[in-house]
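Thanks for coming. I have one structure to show today, and I will start with a single residue before moving to the whole chain.

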Amino acid sequence: MSVKIPIWSRFVLVFLLLIAMFGLALSFGSVHYSFGFLIDGFFHGQNQKEITTLYELRLPRNIAAILIGAALGVSGSIMQALTRNPLADPGILGVSAGGNLSLALIIAFMPNLAFPGKMLASFLGAAAGTIFVLAISKQGNIYKIILAGAAVSAFLTAIASAVSILFKTSKEMNMWTSGGLVGTTFHEVALIAPVILLALVVSLFFLNKLAF
């Protein structure tokens, strides 16, 4: 006989697990710190030299990782609900490919564009890719949309790869597309946090419509 765990209990359990993973991420790196060291530094004002380094380097990266992970998880769940496919991901409707192509073009032709500009360009590219998929599928059933998404994603990904190879920007593109967090600061976190949190809150209003 299976035991059904209440939703609030699962939420608390996952939240505690997240806190534990966050602490481990702060502790381990090129230099390891104990939990006692972190508690003394962040809450008791000790070891300020090391804590300042952690605050400026590891802390923003870890917060960004949590925000981005939450965004990817929710977006994947939405795609799975929309397509009724438990293996679906945001790339199935051209979202990822559109964002990648836009980023590849920006890095190639406007390499000095600031982070907010790259973020906005990627968002617009992702939206354009999705609109393109929906347009060529002509509001058909979900199977036509998935097929159109696969075709458009392959096409846009090929163009992005060609641009990266032609302009020799593959290394920087890989850093973005593989989820690299090197160099992330609280400035970048402050830019992405409101967008992600707002999107997560809005998604809550569609739970009933997105349920399997």
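Is Ser-122 buried or exposed? This is a predicted model, and in it Ser-122 has a relative accessible area of 18%. The cut-off for buried is under 20%, so Ser-122 counts as buried.

Where does this serine sit? Ser-122 belongs to helix 5. Its side chain reaches the backbone oxygen of Lys-118, at 2.9 Å. If we leave aside neighbours within four places in sequence, Ser-122 is in contact with Gly-99, Ser-102 and Leu-103.

Next, helix 4, which holds Ile-106. Ile-106 is buried as well, with a relative accessible area of 13%. Again leaving aside neighbours within four places in sequence, which residues is Ile-106 in contact with? They are Pro-111, Leu-113, Lys-118 and Ala-121. For a distance across the model, take Ile-106 and Val-201: they are 95 residues apart in sequence, and their C-alpha atoms are 30 Å apart in space.

Now helix 6. Helix 6 runs over residues 142-166, 25 residues in total. From first C-alpha to last it reaches 36 Å, close to the 36 Å expected at 1.5 Å a residue. Its buried residues include Ile-145, Ile-146, Ala-148, Gly-149, Val-152 and Ser-153. Further along, Leu-156, Ala-160, Val-163 and Ser-164 are also among the buried residues of helix 6. An α-helix has 3.6 residues a turn, so residues three or four places apart point the same way.

What covers the buried residues of helix 6? The cover includes helix 3 (48-83), helix 4 (95-109), helix 5 (115-137) and helix 7 (170-177). Just after helix 6, Lys-168 takes a positive phi of about 55 degrees.

Finally, the whole protein. How many helices and strands are there? There are nine helices and zero strands. The C-alpha trace spans about 60 × 60 × 25 Å along its principal axes. Of the 212 residues, 31% are buried. Taking contacts between residues at least 6 apart in sequence, 65% join residues at least 24 apart.

The accessible surface is about 13800 Å², and carbon and sulfur atoms account for 73% of that.

Technical notes. Residues are numbered from 1 along each chain as its sequence is written. This is a predicted model: local features need pLDDT of at least 70, side-chain atom pairs count only at pLDDT 80 or more; totals for chains, interfaces and linings use all residues. Side-chain values use heavy atoms; hydrogens and water are left out. Helices (H or I, at least four residues) and strands (E, at least two) are DSSP runs, numbered from the N terminus. Buried means under 20% relative accessible area, exposed over 50%, partly exposed in between (1.4 Å probe, protein chains only). Contact means heavy atoms within 4.5 Å. Accessible areas come from the Shrake-Rupley method with a 1.4 Å probe; for residues, only the protein chains shown count as cover. The expected span of a helix is 1.5 Å times one less than its number of residues. A polar contact is a pair of N or O atoms within 3.5 Å; within protein, one must be able to donate a hydrogen and the other to accept it, and residues adjacent in sequence count only if both atoms are side-chain atoms.
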